[in-house]
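Here's a quick briefing to read with the model open in your viewer. It goes through the interface first, then a few residues, then the salt bridges.

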Amino acid sequence: MLIDDLKRKPLSKDINHNITELKNILKDCTDVIFREIIMDGPIKPQRMMILYTDGLVDSKNINEAIIKPLNNYSPPNKKPRILKDYPIEDIKRIINVNEIEEIDNFGDILQQIFSGNTVLFLHGSKEALNLDTKGWASRSIQEPSVENVTRGPREGFTESIRENTAMIRRKIKDPALKIKEMNVGTRSNTFLFVIYMDDIVNQVLLTRVIKKLQEIQIDSVFSSGYIEEFLEKYTYSPFPQMQLTERPDKACANLMEGKIIILLDGVPQALILPINFFQLFQSPEDYDERVIFGNLTRLIRHIGFIIAISLPAIYVALISFHHEMVPVRMIVDLAQNRVKVPFPPVIEALLMELTIELLREASGRLPSTIGQTIGIVGAIVTGEAAIRANMASPTMVIVVAITAIASYVLPHYSTTFPIRLLRFPMIIMASLFGAFGITITWTWIIIHMCGLDSFGYPYLSPLAPLDSDLLNDAAIRRPLWKLWKRPKTARKNNVRWKKEK
Amino acid sequence: MVLYGKYKDGEITPIQSYIILISIMIGTGILGLSRIVAAVSRQDAWISVLVNGIFISIIMAIMVFTISKFKELNFLEYVCHLLSKPVGYTITIGFIAYSILATGTIIRFVSEMIGTWFLPITPIYVISAITVITTIYMTRKGLTVLARFNEVIAFMLIPFALLVFVSYTELNFVYIKPIGGSGIKNIMAGVVPSFYAFGGYEIMMIVYPYISNKKKPILKYSVLSMLLVTLFYGGTVFFHIALFGPDEIQRVLFPAINYIGAVDFPLVERMEIFFTVFWSFTVLSTVALQYMTANILLQSVFKNDKTSLYAYILSPIVFAISLIPKNTVDVAEMGDQVGRLTIFFSMILPLLLFFTYLIRKRRAIKK
């Protein structure tokens, strides 16, 4: 039976009935602990039962805050009560737990004990008490592994979702920061937090995102990619319509632009939406370094993007069609280098690119220390040997190497995939139509990107449709004291601060 | 889509409409412009181009003024409203035919150019086919996406424009003198051939109804963008004549391309191929916009939801038209024929609409 179905099943007043029912559901779940407690009641000993999952709870806390006070409780010597048992309100007073909540169905009980809470059953009550006793071993806060910066905060999200929200809350101490709890996956029952700034976010966007999240039909969610695929509109596009980040400071900066952050329990990355294409080129460092250098690095990333997609194709086009464009001195060397290579340039390019992709995949799978060695050794040895064996020309190796380096300019690893993919059709088109093939392929790419949108926001947004945001904080960024207007993702006419005239 | 303010499917921003104007005009015409005009008005060809630009800007102003009175109507509807239903439908269908013809001609012209400069061995029909496929891909998602594409391309026009001024060291200003020496009559006669390079701005009549925010001063800025193109063309022609001289330029088929070949660059030999790469971007957007015109008009005739259907249906026709000419001479002839049609749609039609509007208004006041 799914937890959702059990939520419709209420508790009975009889504690024995409830316990048998639960023991039946939790048969062979050896990690769930039933612990009986007998406390002194007003007239006779009162029977209670606590229920929790071993490993998810702080057992010390359970002993100290729940079992000890209940066991040691001695009724005050006032006038004797008429009641047979203590009512739920009195028990609440005895227990020393910070968060107490009453729940009245089996579904909620299961959900709570599986997320690390303890549930206390009382005889004669239709409600059980949900006590916050979460406490399990988790990774401590570490430096983000992919989005490294040289300047700025060094903390990254962890697998524990509460820790993550705390990191965000520590940075934005404002009541408008809302953290909405949701549940996805009919079986995994994963916690999901939708985080937004209530007075900045576009409310239409927010309701639409929440509706889409509620409509997700899936049994289990283990990573944010699962959510991403359900939310995005263009699944078959190579370009991501959401951004991942493992940096709380980046998440907070995006919240301030009216964007929505989705955090998933057990995932050390947050999803940012909606995004635009230029955002993929931004790194928190851009705002830490001086304006000039922040802009220069952004420019370099944009150039890197173009180089990474089209450099091998340009090489192929030049060698196969437009030798006359290469300066005379250079073309002689180029031709000499290629004399012994048996393949046409396109095969040479595809082979070398394929090798690089293989190396990259292999070094990514291996443990980091070995991976690096394989990467370096593989690249150097294969490159050198390929030239010696006349499988490739030295120029080709340089081209491939520059391309490989350039494709890592994007600050986040998973957004480098479109670059790696698009290079191959570009090479093939260049081999068929030369420079015109490159033009055609770029036209296709640009048209495709023009047609994309991320939750209703055009993907190439400040550039097309053109808008002043482009020069505020997209292609280049102006000094922070000039960015008093929020970008278009925020609610209309929302400013960061009132500009003094 | 609703989220980002008012830009729904098929709608464009005012800025996009100006960029559309610029990028449909800068296309095939620029390549031979200075040769054709200099044949008539010699060293004063650039003055002819400027005069023509000013003249066209006035027409543009009249055009936008007239259609701005019918904010809610599309092309078919306001033409029908002004000139009665049968005439309106005839003109619209004529416009569709003209757009298809023009698209086919430009595609053929592009293929010829690409064949000459990039791919001498590849058969023309292969280049035509790939261009047609690209055009379908560009237009099938409607005007909004195409307008965005043009915005991106607009930034590529900047290096393209800078390439025009590249041979400044080689210029010989004696060729330009005496300014005005060819006589007012010749200068005026040169206006006519220079007109073809400006063709395409009639698209404003079709896209205007799709502008989302009509409160912006569209008239002012569309005239300004016309003047921008005029300045660009005028400057180009001036530089070309200053480099080649009015006599030698007659022997250069495409001065715009050969002009760039006159200079040596450190890294890239044969800069004109580089120029052709930029040029093919702009000309692709010209083709797509011209094709889009036919799609939009067909949509308004048959009242469909989307234009994508026509993007597919019309493609074989356009492809076939692009294969009609047998050789380059035929292409030039076909270009001239289509150019004559342009005069009707971009000069006579706006004036006709304007005067009909005035007469109707006067009648209404009298009543």
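Contact here means heavy atoms within 4.5 Å. By that rule, 44 residues of chain A are in contact with 36 residues of chain B. Keep in mind that this is a predicted model, where local features need pLDDT of at least 70 and side-chain atom pairs count only at pLDDT 80 or more, while totals for chains, interfaces and linings use all residues. For bookkeeping, residues are numbered from 1 along each chain as its sequence is written, chains are lettered from A and ligands numbered from 1 in the order in which they are written, and side-chain values use heavy atoms, with hydrogens and water left out.

**The A/B interface**

- The size of an interface is often given as the accessible area lost when the parts come together.
- Chain A and chain B bury about 3600 Å² between them, and 74% of that is on carbon and sulfur atoms; buried area is the accessible area (1.4 Å probe) that two parts lose on being put together, summed over both.
- A:Met325, A:Phe436 and A:Ile447 supply 19% of the area that chain A buries against chain B, more than any other three residues.
- On the side of chain A that touches chain B, the elements giving two or more residues are α7 (203-214), α16 (417-451) and β12 (457-458) of chain A. Helices (H or I, at least four residues) and strands (E, at least two) are DSSP runs, numbered from the N terminus.
- The largest share of that side, 16 residues, comes from α16(A).
- Sorted by class, the side of chain A that touches chain B has 29 nonpolar, 9 polar and 6 charged residues. Ala, Val, Leu, Ile, Met, Phe, Trp, Tyr, Cys and Pro count as nonpolar, Asp, Glu, Lys and Arg as charged, and the others, Gly among them, as polar.

**Annotated spans in chain A**

- An unreviewed UniProt entry carries the annotation "transmembrane region" for residues 299-321, 396-414 and 426-447 of chain A. Positions are in the numbering used here, feature names are shortened, and annotations may be inferred rather than shown by experiment.
- Residues 396-414 of chain A are 58% helix and 0% strand, with the end C-alpha atoms 26 Å apart.
- Residues 426-447 of chain A are 100% helix and 0% strand, and the end C-alpha atoms are 15 Å apart.

**Two buried residues**

- A:Lys259 is found in the loop between α9 (248-255) and β9 (260-264) of chain A. With a relative accessible area of 4%, A:Lys259 is buried; buried means under 20% relative accessible area, exposed over 50%, and partly exposed in between (1.4 Å probe, protein chains only).
- The side chain of A:Lys259 makes a polar contact with the side chain of A:Glu257 at 2.8 Å.
- Beyond four places in sequence, A:Lys259 touches several residues, including A:Ile195, A:Pro274 and A:Thr489.
- B:Thr66 lies in helix α3 (residues 45-67) of chain B and counts as buried at 3% relative accessibility.
- Leaving aside neighbours within four places in sequence, B:Thr66 is in contact with B:Leu82, B:Leu353, B:Phe354 and B:Tyr357.

**Salt bridges**

- Over all chains, the structure holds 32 salt bridges.
- A:Asp453 forms a salt bridge with A:Lys233, the closest N and O atoms being 3.3 Å apart. A:Asp453 lies in strand β11 (residues 453-454) and A:Lys233 in the loop between α8 (224-231) and β8 (243-245) of chain A, so the pair ties together parts that are 220 residues apart in sequence.
- A:Asp453 is buried at 2% relative accessibility, whereas A:Lys233 is partly exposed at 48%.
- A:Asp286 and A:Arg298 meet in a salt bridge through their side chains (2.8 Å, N to O). A:Asp286 is buried at 1%, and A:Arg298 is buried at 0%.

Definitions and conventions. A polar contact is a pair of N or O atoms within 3.5 Å; within protein, one must be able to donate a hydrogen and the other to accept it, and residues adjacent in sequence count only if both atoms are side-chain atoms. A salt bridge is a side-chain nitrogen of Lys or Arg within 4 Å of a carboxyl oxygen of Asp or Glu.
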